[in-house]
Amino acid sequence: MKKANVIDRIFHGGLPASPRNQKGLAFAPTNIALCKYWGKRDIELNLPVTSSLSIALPDKGTMTYLSLQDKATDTILVNDEEIALTTPFAERLVCYLDLFRPKKNWHLHIDIKINIPIAAGLASSASGFASLVAALNDLGAWSLTKQQLSILARLGSGSAARSFWMGFVEWNAGVQSDGMDSFAMPLDIEWPELRVGILTLSNKEKPISSREAMQRTVNSSVLYSAWPKKIAQDLAILKQAIHVKNFSLLAGTAESNALTMHATMLSSWPPICYSLPETLAAMRKVWELRHEGLEVYFTQDAGPNLKLLFLEKNQAELTEAFPDMEVISVFEG
Ligand code: PMV
């Protein structure tokens, strides 16, 4: 099955001939997985081996402005800087847009405003593809549902499937080969005291993309066979912890899940290690603070940066311990 076949299914046979509007605009928040997506059952369609669960960061993400342009190519601006079409970033974007062009000579001016570092493990591709497809939906007046947008965004980047809602979001892995049952849905529970602290330890681009790292882990880590079991356990515990608002259960499970993902990567060959010495130092500091009785946990994605998890009542102590940390009130955006 190809990406184009999925688009046919969404549009029941074909894309609308031309967009209804001259411009399209959409914002999508980034999301941080508490139970990670790591490994695909279908590489072309970004279908995951397991389900996953995330939390949105309301003010962090991507705003995409699209307008039709009478030129032979697309133009891409990221935070007001024009990006060469030969860069891997632009190639990936243009290739994704190719799926939606009603005519070959149909080109766009794409103005992307993003307030998180790109490709540093802060899920920039999640908000990027979600906002792009939502802006296309606006441009074409397609009136697609969020469920349909989630399926389309997944074709660009798996974790983008979860970037259409605020709060807790679960992406159901699905079982179908066309992935029409592999989309995200929000969990209807708020937890206003919950905080995420972004600890940016490095803004450098990651040494290996999550796409490549995932494949290498699936193909070479002997530990990968334990991963689906770990996810099934953690997902059930996380949902229970959210339901009863048990913070240490929630955040402890999220930390354990992230550490298991990184341990599995480390056992791949060639090994994959996103952590820097600063990452390990910050982890040790979190463990020390916890040992002293402060309820703080972390999670880590495909990069060296950490996201701390804590409650509002401990915010003052934690901002003192980590003065550079950016605190996000996840339910008060
Ligand atoms: O969607 P991708 O290909 O950027 O992969 C995301 C992988 C993790 O961020 C590490 C985990 C996740 O579930 O977001």
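1. Let's begin with Thr-87, which counts as partly exposed at 26% relative accessibility. Buried here means under 20% relative accessible area, exposed means over 50%, and partly exposed is in between (1.4 Å probe, protein chains only). Thr-87 sits in the loop between strand S6 (81–82) and helix H2 (88–98). Helices (H or I, at least four residues) and strands (E, at least two) are DSSP runs, numbered from the N terminus.

2. Before going on, some ground rules. This is a predicted model, in which local features need pLDDT of at least 70 and side-chain atom pairs count only at pLDDT 80 or more, while totals for chains, interfaces and linings use all residues. Residues are numbered from 1 along each chain as its sequence is written, and side-chain values use heavy atoms, with hydrogens and water left out.

3. Back to Thr-87 and its contacts. Its side chain reaches the backbone oxygen of Ala-84 at 2.8 Å. That is a polar contact: a pair of N or O atoms within 3.5 Å, where, within protein, one must be able to donate a hydrogen and the other to accept it, and residues adjacent in sequence count only if both atoms are side-chain atoms. As for Ala-281, it is 194 residues from Thr-87 along the chain, and the two C-alpha atoms are separated by 34 Å.

4. Now the whole chain. You'll find nine helices and 13 strands in it. Its C-alpha atoms fill a box of roughly 60 × 40 × 40 Å along the principal axes. A compact globule of 333 residues would have a radius of gyration near 20 Å, and the chain has 20 Å, so the two agree. That radius is taken over C-alpha atoms, and the globule rule is 2.2 Å times the number of residues to the power 0.38. Of the 333 residues, 55% count as buried.

5. Domain 1 (3–186) and domain 2 (194–329) both give residues to the shell around the ligand, so the ligand lies between them. The domain bounds come from an automatic or database domain assignment. The shell divides into six nonpolar, five polar and three charged residues.

6. Which residues come nearest to the ligand? Of the 14 around it, they are Tyr-37, Ser-157, Ser-159, Arg-162 and Ser-210; to be near, a residue needs a heavy atom within 4 Å. Ser-159 has a polar side-chain atom 2.7 Å from an oxygen atom of the ligand, and a polar side-chain atom of Arg-162 also lies 2.7 Å from a ligand oxygen. Tyr-37 uses its backbone instead, with an N or O atom 2.9 Å from an oxygen atom of the ligand. The protein covers 93% of the 380 Å² of accessible area that the ligand has on its own (Shrake-Rupley method, 1.4 Å probe).

7. Most residues other than glycine have a negative phi, and most peptide bonds are trans. A cis peptide bond joins Trp-269 and Pro-270, with omega about -10 degrees. Pro-270 is in the loop between helix H7 (247–266) and helix H8 (277–291).

8. Is each one buried or partly exposed? Asn-46 is buried, at 0% relative accessible area, in the loop between strand S2 (40–42) and strand S3 (47–48). Lys-245 is partly exposed at 40%, in the loop between helix H6 (227–244) and H7.

9. Last, a few buried residues. Ser-127, in helix H3 (residues 124–140), has a relative accessible area of 0%, and its side chain makes a 2.6 Å polar contact with that of Thr-62. Ile-76, in strand S5 (residues 75–78), is also at 0%, with its C-alpha atom 7.3 Å from that of Ala-90, 14 residues away along the chain. Arg-101 counts as buried at 12%, and is placed in the loop between H2 and strand S7 (107–114). A polar atom of the Arg-101 side chain lies 3.1 Å from the backbone oxygen of Trp-106.

Methods. Nonpolar A, V, L, I, M, F, W, Y, C, P; charged D, E, K, R; others polar.
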